[in-house]
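Please look over the fold and the charged and nonpolar surfaces of this protein chain. The report below goes through them in turn.

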Amino acid sequence: MESISHKNKQEGTGRKRSINQIRKYVWLIRVLLRHPHGMTYDELNDAWRETSEDFDGSSNLSKKTLHNWITAIKEVFNIYIENENRSEYRYSIDKKEIEDDEILEWMINTISVGSMLHGLRDRVLLTDKPSGNDQLETLLEAMERNRTVTVEYHDIWNKETETFELEPYWVELANQRWYVVGHRVGTGEGELSDFSVDRMKRITVSTDKSFVLPKDQDGDAIEPRRHYAKTSGLETDGMTNVKVRLYAEANQQNYIRTLPLHPSQYEAKKEKDFSIFEYTLPTVTYDFIMKILSYTPYVIVLEPKQLANEIAWRAQLLDKRYNG
């Protein structure tokens, strides 16, 4: 028992050391991003002295350690830290390269915030953590290899568990829940469906069945941004690029302005007492409808009429359910 305890203690220490090292890499990335013209070694060393206590590190950043971090950052994050051998030897990062990669930017921001919260555990409350993480890693492994998966899925609407084969195309994080979007083998060609990852009881990656990502109408690889599978049931008569216009009262316009309901959000009219927001959607999604409902009655759908009617219908159902 003593040897097992010693082994667990060693593993815990090693894990803590690895996490701390990643935090140091992110620190260097963030510092350089705040200095678009680059920083000299002395400037980096001064910045490190101010924060080294937060990382259980040496009070000085040696050049050897710095260059080791630069190499590791290239391997771990695929970020290149450039240096100029002119007058002053400066280190810099191309900020646009990171901004153009939203997954990389999100990952760096997440680790950075996590690093700041590291010593504040007793002062942080997490009420909405993403669900479905247990099975997500298996799905991502299948996606990396373009392998089909066999899924045991519990449908909360039908209250039954079914088993089927799925070609996982992409994953999406929405409302603290992971979804996987893909083609359910056996359905119509090109038909996309979405499934909540936390309702997957078991996922088995195929060893011999692979798939090829479908093409769009232009013959290019399908892009998740332009193809949303979670439809609301709203009848669009085959329309694409659905135009949505929302009226938002003053007490809600700032929330929507700072937390857009969709990447295509555009504030078409801005007044003291209200704003009008416009969206162009490939299709109206269930998540989009839920977001609008969360602002009811302070947000009104102006266009299209089908969406306005559906929002009104759902609002009435909720009112009856909770108020009799």
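## Basis of the model

This is a predicted model, in which local features need pLDDT of at least 70, side-chain atom pairs count only at pLDDT 80 or more, and totals for chains, interfaces and linings use all residues. Residues are numbered from 1 along each chain as its sequence is written, and side-chain values use heavy atoms, with hydrogens and water left out.

## Overall chain

The protein chain holds nine helices and 12 strands. Both are DSSP runs numbered from the N terminus: helices are H or I with at least four residues, strands are E with at least two. Of the 324 residues, 35% are buried. Buried means under 20% relative accessible area, exposed means over 50%, and partly exposed lies in between (1.4 Å probe, protein chains only).

The accessible surface comes to about 21,200 Å². Carbon and sulfur atoms contribute 48% of that surface. Areas come from the Shrake-Rupley method with a 1.4 Å probe, and for residues only the protein chains shown count as cover. Among contacts (heavy atoms within 4.5 Å) with a separation of 6 or more, 57% join residues 24 or more positions apart.

## Helix α2

Helix α2 spans residues 41-51 and includes Asn-45. Is Asn-45 buried or exposed? Asn-45 is buried, at 6% relative accessible area. Leaving out residues up to four places away in sequence, Asn-45 touches Asn-60 and Leu-61.

Arg-49 and Asp-46 form a salt bridge at 2.7 Å, N to O. A salt bridge here is a side-chain nitrogen of Lys or Arg within 4 Å of a carboxyl oxygen of Asp or Glu. The two residues sit three apart in helix α2, so about one helical turn separates them. Both partners are partly exposed: Arg-49 has a relative accessible area of 44%, and Asp-46 has 40%.

## Salt bridges between strands

Side chains of opposite charge can pair when their charged atoms come close. The count by this rule is nine salt bridges. One of them joins Glu-152 and Arg-202, with the closest N and O atoms 3.8 Å apart. Glu-152 is in strand β4 (residues 147-155) and Arg-202 in strand β8 (residues 200-210), so the pair ties together parts 50 residues apart in sequence. Arg-202 is exposed at 52%, whereas Glu-152 is partly exposed at 27%.

Arg-184 pairs with Glu-162, with the closest N and O atoms 3.0 Å apart. Arg-184 lies in strand β6 (residues 177-184) and Glu-162 in strand β5 (residues 160-174), so this bridge ties together parts 22 residues apart in sequence. Arg-184 is partly exposed at 22%, as is Glu-162 at 24%. Elsewhere, salt bridges link Arg-245, Glu-278 and Glu-303 in a network.

## Surface patches

Patches use residues with over 30% relative accessible area and no salt bridge; like charges are joined within 9 Å, and nonpolar side chains (Val, Leu, Ile, Met, Phe, Trp, Tyr) within 5 Å. Ile-103, Trp-106, Met-107 and Leu-173 make a nonpolar patch of about 390 Å². Helix α5 (residues 102-117) gives its largest share, three residues. Met-107 lies in helix α5 and is partly exposed at 32% relative accessibility.

A negative patch is formed by Glu-82, Asp-94, Glu-97, Glu-99, Asp-101 and Glu-105. Lys and Arg count as positive, Asp and Glu as negative, and His and the chain ends are not counted. Each charge is placed at NZ of Lys, CZ of Arg, CG of Asp or CD of Glu. Glu-82 belongs to strand β2 (residues 82-86) and is partly exposed at 47% relative accessibility.
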